[in-house]
Amino acid sequence: MVLWMSGDQARYARLAKISQLINSNLDLRSLLEAVATAISEEIVKCNSTGIYLPQPDGTFRGYVGKPDHINGITLDQMVVDPEKDHLARDIIATRKSIYIPDTSIDNRPDPTPVELFKIRSLLGLPISYGDELFGIVFLFDYGIPMNLTESEIQTVEAYVNMAAVAIHNVKQFQAIQSLLKEKQLLLDFTRELSLCSTTDKILDTCFRYVGQVLNNTNIGVHLCDSIGSTFRPAKLSRSSDWTEEQWHKTHSKIKLNYENDLLFQEVIQTRKYVFIPDIDNDHRPNHEACHRFGIRGVFMLPLVATGEVLGTIAVVSLGEIRTYADIDMQLAQSIVDMTAPALSNAIQVEQLELIINDRTKELRENHRILELILNSAGEGIYGLNLDGEITFCNPAAARMLGLPVDQLIGRKHTDILQSEDGMVNVQIEDSIFDVLGGETDAYMREGMFQRADGIFFPVEYVLTPIMEEDAIQGGVVTFSDISLRKSTEEIIRKTDKLSVIGELAAGVAHEIRNPLTTLRGFIQLLNANPNTKQSNLEVMLSELDRINFIVSELLFIAKPQCISMKKHDLGEILQHVVKLLQAQAIMSNVEIVLFVGGAIPPIACAENQLKQAFINIVKNAIESMEHGGLLQISVELNHNYVTVRFKDQGSGLSKERIPKLGEPFYTTKEKGVGLGLTVTFQIIKYHHGRIHVESGEGLGTTVKIELPLVLSKGNQVDHLPFTYTTN
């Protein structure tokens with residue numbers, strides 16, 4: 001009784017130990033070794049206890065057992081094939097224990113191990129939990145039958161059931177661990193993928209994770225150029241056994257026909273991955289291409305995003321046949337599925353960037369051409385917004401307006417388009433947009449623009465509206481400085497006037513001079529008569545001389561005399577003029593100061609004509625200083641010109657009067673006839689000279705005359721303009 005209790009206690013102890021291992025140890029080998037040891041200790045009549053686990057090819061291979069070696073053969077070398085071993089087949093089919101007391105009368109066991117190990121009796125048990133079979137346990141003897149009792153068989157079944165529970169727990173734990181690992185890997189991949197902004201980085205990340213899952217880095221991708229078009233070899237894993245250059249070169253030589261590639265077409269049409277361990281045993285791959293690359297096996301996955309196939313990812317085996325677990329292939333497909341949308345977005349973004357870059361390049365080129373056109377334009381051009389502010393400006397406009405381009409941007413057009421009295425020209429302001437009245441026609445007019453220094457200059461400008469959706473969005477002003485044209489028109493006007501006056505003067509002078517000659521002769525005869533009153537005769541002669549002088553000036557205007565040009569000292573000419581008018585100056589309380597700066601070479605001139613011009617200017621200066629003053633006359637040499645400057649302290653001229661100086665019969669004197677300056681300007685013109693008049697009311701007047709040292713083209717007289725400026 002005590003022995004029986006000891007056996008039960010030992011059995012309970014073994015069961016308790018196995019239970020403890022099941023609950024605390026998840027190492028499958030140690031758990032199964034404990035089960036095998038417990039069975040061998042329980043069934044002492046058993047010579048061998050072996051636990052066999054299933055293999056991918058459907059066989060069962062020895063895993064653990066007692067003893068480790070049987071007749072020189074290790075347990076892991078022992079393989080049970082259900083196709084040959086019908087006992088194993090029945091155990092698998094029935095999921096029940098089968099005991100064969102005498103193998104000589106039961107032909108189900110595989111005869112090879114029966115003969116090899118002299119097996120006389122055999123117990124086979126399934127390791128199963130629910131509907132799942134985890135393995136097979138075999139107990140046998142060496143030449144001596146085990147003669148197992150039902151109780152012993154039930155005890156072994158108890159141990160085997162515990163082994164099934166252990167394997168179930170381990171597999172469940174491993175499945176949980178695998179699931180957690182898979183989820184963590186996908187989380188890590190998702191995080192890295194979110195940081196990728198280009199197709200290259202996205203594919204590199206995908207290759208790295210797929211290679212990690214499958215333990216294979218020979219990965220390449222073939223992409224569709226665009227939806228519906230052909231495919232192309234796009235990128236190779238950086239860790240591949242090939243270089244990308246070799247990969248592309250080989251592809252360029254092979255020139256794959258994707259439409260005729262059965263494997264490729266199956267993947268993109270079914271949108272499911274295909275695994276071919278050995279390409280030589282499958283007709284679908286392109287064998288020529290695989291042999292060129294040295295490919296033995298291929299695992300091809302589809303890249304699908306928003307229902308469209310972007311391409312395929314191929315994981316290839318080189319040299320040896322490789323296999324992958326279903327769970328790993330599914331995980332790899334999950335990684336590829338997550339890659340596809342990110343890749344699709346990146347491709348679209350890159351395509352948009354290419355379009356944008358091309359468009360930007362085109363716009364920049366167009367902008368450069370427009371800028372060159374604007375910068376090369378001789379006319380001033382600036383744009384206006386609806387508020388009348390300048391938005392752009394070309395260099396010609398900036399130059400004419402006297403301000404840098406950046407300082408003109410943002411200024412109001414009314415700062416430029418102003419009247420000469422300093423007030424905003426309402427008519428001009430209205431013309432920018434209001435005058436258009438919604439019309440799209442350009443608006444043209446002449447006006448005055450104001451430079452940065454406050455000087456006004458005449459312009460002709462065109463306002464063209466900027467239209468968008470039938471509404472005025474702004475305007476473009478194109479303007480030209482017409483100062484030269486206005487000056488030319490003024491010269492032509494004055495020339496025409498002089499021509500008409502000349503013709504009139506010639507006729508009048510001719511008609512007047514003849515009777516004047518006769519009158520003067522009779523007056524001289526009367527003067528010889530002692531009874532004639534002398535004072536009356538002198539008055540008559542004086543007035544006749546005055547009429548004759550006016551006639552002479554009219555004749556000079558109408559038909560200038562033939563001027564004989566000779567070298568004369570300009571300083572001496574001016575000294576003679578000062579002496580002639582010194583008496584008049586003293587009577588008017590005017591001091592005349594003549595300054596000759598250095599040695600002035602003689603100039604070619606008509607002495608009497610030049611004296612007459614200087615006399616007219618000096619007389620005007622003396623007469624302008626009603627309360628006396630100082631008249632400064634200076635002569636200086638400036639390169640090829642001699643400059644004579646007359647500066648008085650008279651009342652000066654208003655800016656309205658200055659442009660009219662020199663016009664026939666225009667005078668500011670009460671008794672003047674307005675021919676003095678006309679004659680003066682004509683004399684200076686025929687000396688190839690210029691006259692500059694600077695004056696201001698209450699500021700006096702300065703007349704500057706420039707005379708060339710040498711006259712060009714002999715005695716031919718060229719017309720040179722004279723100019724006016726104000727202080």
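These are my notebook entries on a predicted protein model.

**Entry 1: the whole chain**

I started with the overall counts. The protein has 727 residues, and 41% of them count as buried. I found 18 helices and 26 strands.

**Entry 2: the six-stranded sheet**

I went to an open sheet of six strands and read its order as E5-E2-E1-E8-E7-E6, with antiparallel pairing. Which strands are the edge strands? They are E5 (79–80) and E6 (98–100), and each pairs on one side only.

Strand E1 (residues 48–54) and strand E8 (residues 132–140) run antiparallel and share five bridges. I traced one of the bridge partners: Ser48 goes with Phe140 in E8.

Two helices that pack on the sheet went into my notes. Helix H2 (residues 28–42) touches E1, E8 and strand E2 (60–66), and its direction makes about 60° with that of E2. Helix H5 (residues 150–194) touches E1, E6, E8 and strand E7 (122–129), making about 35° with the direction of E7.

**Entry 3: the five-stranded sheet**

Another open sheet has five strands, in the order E10-E9-E13-E12-E11, again with antiparallel pairing. I wanted to know why one side of E10 (231–236) and of E11 (274–276) has no neighbour in the sheet.

E9 and E13 pair in the antiparallel sense over five bridges. In that pairing I found Leu223 opposite Gly311 in E13. Helix H7 packs on this sheet, touching E9 and E10, and its direction makes about 165° with that of E10. Helix H8 lies across E9, E10, E11, E12 and E13, running at about 30° to E12.

**Entry 4: the cavity**

How many cavities of 30 Å³ or more does the structure hold? I found one. The largest cavity has a volume of about 340 Å³. It is lined by 24 residues, and the closest to its centre are His222, Leu256, Ile295, Met300 and Ala314.

Key:
Residues numbered from 1 in each chain as written. Predicted model: local features only at pLDDT ≥ 70, side-chain atom pairs only at ≥ 80, totals over all residues. Heavy atoms only, no water. Helix = DSSP H or I, 4+ residues; strand = E, 2+ residues; numbered from the N terminus. Buried < 20%, exposed > 50% of the residue type's maximum accessible area, 1.4 Å probe, protein only. Pairing = 2+ DSSP bridges. Contact = heavy atoms within 4.5 Å. Axes fitted to C-alpha atoms, helices over the stretch in contact; angles between N-to-C directions. 1 Å grid on protein atoms, 1.4 Å probe; cavity = no way out; pocket = protein on both sides within 12 Å on 5 of 7 lines; lining within 4 Å. Points joined across faces, edges and corners; volume = space filled by probe spheres on them.
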